[in-house]
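Student: Could you walk me through how to read aromatic rings in a structure like this one?

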Amino acid sequence: SITIKTLSICWILFLIVSFLSKSLFGELPQQKIVITIRNSEINKEIIEVFLWTIIISPILEEIFFRKIMYSTLKFYSAPIISMLCSSLIFSLVHSNLQSFSLLFILGVTLCLIFEKTNSIIYPIILHSLFNFIMIIFIINS
């Protein structure tokens with residue numbers, strides 16, 4: 001597809017520019033953010049949590065709960081009933097009574113977005129953003 005071709009071309013250009021830059025200018029001082037990341041206490045476990053929470057889980061959950069479950073339920077029932085049922089199951093699966101209502105509202109919102117856009121991409125992005133914000137709240141609490 002065009003996206004894969006574009007990404008491939010971009011990566012090749014990035015590599016060429018990086019090689020030329022290093023050849024012409026040698027080793028330049030690192031950016032402050034690079035130094036901070038290298039010197040931080042970030043370990044593999046934290047990176048895995050971020051990867052699973054912000055990327056993998058939202059993709060898998062949205063494909064299952066919105067694309068498969070909601071769409072299937074909607075085939076047999078009214079959209080509102082399908083939204084409520086898939087959101088209820090979405091909330092229950094997370095096994096957290098304290099966040100049940102928040103997850104239920106999130107599930108309904110994600111169904112509405114899926115219904116409105118007819119695309120799974122937007123619910124995935126919102127789900128990822130939601131998880132990212134929750135992680136930030138957890139870190140700062």
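Tutor: Happy to. Start with charges over rings: a charge sits over a ring if NZ of Lys or CZ of Arg is within 6 Å of the ring centre and within 35 degrees of the ring normal. Here, Arg66 lies over the face of Phe90, 4.7 Å from the ring centre. Keep in mind that this is a predicted model, where local features need pLDDT of at least 70, side-chain atom pairs count only at pLDDT 80 or more, and totals for chains, interfaces and linings use all residues. Residues are numbered from 1 along each chain as its sequence is written, and side-chain values use heavy atoms, leaving out hydrogens and water.

Student: How many aromatic pairs are there in the whole structure?

Tutor: Rings of Phe, Tyr and Trp (its six-membered ring) pair if their centres lie within 6.5 Å; planes under 30 degrees apart count as stacked, over 60 as edge-to-face and the rest as tilted. A search of the whole structure turns up 5 such pairs. One of them is Phe64 with Phe65, edge-to-face at 5.0 Å centre to centre, with 85 degrees between the planes. Ring pairs also link Phe64, Phe65 and Phe90 into a cluster.

Student: Is Phe65 buried or exposed?

Tutor: Buried means under 20% relative accessible area, exposed over 50%, partly exposed in between (1.4 Å probe, protein chains only). Phe65 is buried at 5%, while Phe64 is partly exposed at 40%.

Student: Why is the pair of Phe100 and Phe104 stacked?

Tutor: Their ring centres are 6.4 Å apart and their planes at 15 degrees, so the pair counts as stacked.
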